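Here is a short briefing to read alongside the model on your screen.

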Amino acid sequence: MTKEFIIEKTIAFVKSKLEGDSSGHDWWHIYRVWNMSKKLQEKEGGDLFIIELSALLHDVADWKFNKTEMDGLEIIHNWLIQLELTNEIINKIINVIKNVSFKGAGVKDTMKTIEGKIVQDADRLDAIGAIGIARTFAFGGKFGNEMYNPEIKFELHQTFEQYKKSRGTTINHFYEKLLLLKDRMNTRSAKAIAEDRHRFMESFLKQFFDECESLK
Ligand code: ADP
Ligand code: NI
């Protein structure tokens with residue numbers, strides 16, 4: 001199988017898993033992360049094939065959509081094995097996907113490879129800015145969280161367990177994750193793109209609170 005054919009088959013596989021999702025983890029999220037990863041790779045280096053496959057598969061294993069993270073990783077592992085990839089390549093991809101997620105304000109990132117750092121940055125760029133705002137409200141609605149409740153204060157989660165079980169509001173999610181991402185970008189290229197998207201979220205929040213305040 002050529003690399004192009006493997007990528008094409010993987011696109012079809014990911015579409016079959018995520019197409020039509022309404023929580024912000026649909027195929028078009030994957031498509032943006034895939035394309036952003038390729039853009040970042042042009043400047044930052046790393047193995048393009050590992051980066052592309054990791055970007056395409058990164059949300060198939062998400063703990064939010066599988067019974068456990070392990071189930072998801074097994075699905076990905078099985079997929080990669082039947083593509084007849086070497087163990088070395090498979091392990092590199094699995095390693096990226098295992099470490100990609102944000103796990104709480106106080107939990108350090110553990111990504112070691114440039115391939116992983118690029119995919120993580122691309123995923124995080126899609127979590128901020130106008131797209132990030134839209135995805136966050138879609139997610140909150142889908143999972144039944146309140147949009148905004150001034151009586152509920154945000155929390156800076158110190159463990160993944162706390163972060164995972166948190167049922168805070170969507171506005172709080174900006175303070176618990178989205179506004180922290182700018183300073184957690186791995187690469188210079190991603191940091192530069194994040195600046196503008198971060199400012200846009202700040203101005204959105206300012207407008208949001210100004211509108212609320214004006215009614216007091
Ligand atoms: P990660 O890899 O860091 O888990 P994902 O690609 O899975 O990131 O996307 C996570 C996105 O889902 C967030 O950026 C946000 O838009 C949305 N999301 C996750 N948790 C919440 C939440 N509690 N409230 C609102 N949106 C959320
Ligand atoms: Ni993602």
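The largest nonpolar core has 54 residues; such a core is a set of buried Ala, Val, Leu, Ile, Met, Phe, Trp, Tyr and Cys residues joined through side-chain atoms within 4.5 Å. Val14, Leu56, Leu57, Ile76, Leu80 and Leu85 have the most contacts inside this core. Please keep in mind that this is a predicted model: local features need pLDDT of at least 70, side-chain atom pairs count only at pLDDT 80 or more, and totals for chains, interfaces and linings use all residues. Residues are numbered from 1 along each chain as its sequence is written, chains are lettered from A and ligands numbered from 1 in the order in which they are written, and side-chain values use heavy atoms, with hydrogens and water left out.

- Elements giving two or more residues to the core are α1 (3–18), α2 (27–44), α3 (48–57), α4 (69–82), α5 (87–99), α6 (114–125), α9 (170–176) and α10 (188–213); helices here are DSSP runs (H or I, at least four residues), numbered from the N terminus.
- The largest share of the core, seven residues, comes from α3.
- In general, nonpolar side chains of soluble globular proteins tend to be buried together.
- Nine of the 10 residues of α3 are buried, where buried means under 20% relative accessible area, exposed means over 50%, and partly exposed lies in between (1.4 Å probe, protein chains only).
- Aspartate 47 caps the N-terminal end of α3, with a side-chain oxygen 2.9 Å from the backbone nitrogen of phenylalanine 49.
- Isoleucine 76 is in contact (heavy atoms within 4.5 Å) with Leu57, Val60, Ala61, Ile94 and Ile97, leaving aside its neighbours within four places in sequence.

**The surroundings of ligand 1**

- Ligand 1 is surrounded by 16 residues, each with a heavy atom within 4 Å of the ligand.
- The closest of these residues are His25, Ser101, Phe102, Asp123 and Thr136.
- By class, the shell has four nonpolar, six polar and six charged residues; Ala, Val, Leu, Ile, Met, Phe, Trp, Tyr, Cys and Pro count as nonpolar, Asp, Glu, Lys and Arg as charged, and the others, Gly among them, as polar.
- Helix α7 (residues 129–142) gives the largest share of the shell, three residues.
- Oxygen atoms of ligand 1 lie 3.3 Å from a side-chain N or O atom of histidine 29, 3.5 Å from a polar side-chain atom of aspartate 59, and 3.1 Å from a side-chain N or O atom of lysine 177.
- Taken alone, ligand 1 exposes 570 Å², and the protein buries 94% of that; these areas come from the Shrake-Rupley method with a 1.4 Å probe.

- Threonine 136 sits in helix α7 and is buried, at 9% relative accessible area.
- A polar side-chain atom of threonine 136 is 2.7 Å from the backbone oxygen of glycine 132.
- Beyond its neighbours within four places in sequence, threonine 136 is in contact with Thr170, His173, Phe174 and Leu178.
- Histidine 25 belongs to the loop between α1 and α2 and is buried, at 7% relative accessible area.
- The side chains of histidine 25 and serine 23 make a polar contact at 3.2 Å; the term covers a pair of N or O atoms within 3.5 Å, where within protein one must be able to donate a hydrogen and the other to accept it, and residues adjacent in sequence count only if both atoms are side-chain atoms.
- Phenylalanine 102 lies in the loop between α5 and α6 and is buried, with a relative accessible area of 4%.
- Not counting residues up to four places away in sequence, phenylalanine 102 touches Arg124, Tyr163, Glu176, Lys177, Leu180, Leu181 and Arg184.

**Loop residues with some exposure**

- Leucine 180, in the loop between α9 and α10, is partly exposed at 25% relative accessible area.
- The C-alpha atoms of leucine 180 and alanine 105 are 7.4 Å apart, although 75 residues separate them along the chain.
- Glutamate 84 lies in the loop between α4 and α5 and is exposed, with a relative accessible area of 66%.
- The phi of glutamate 84 is positive, at about 60 degrees, although this residue is not a glycine.
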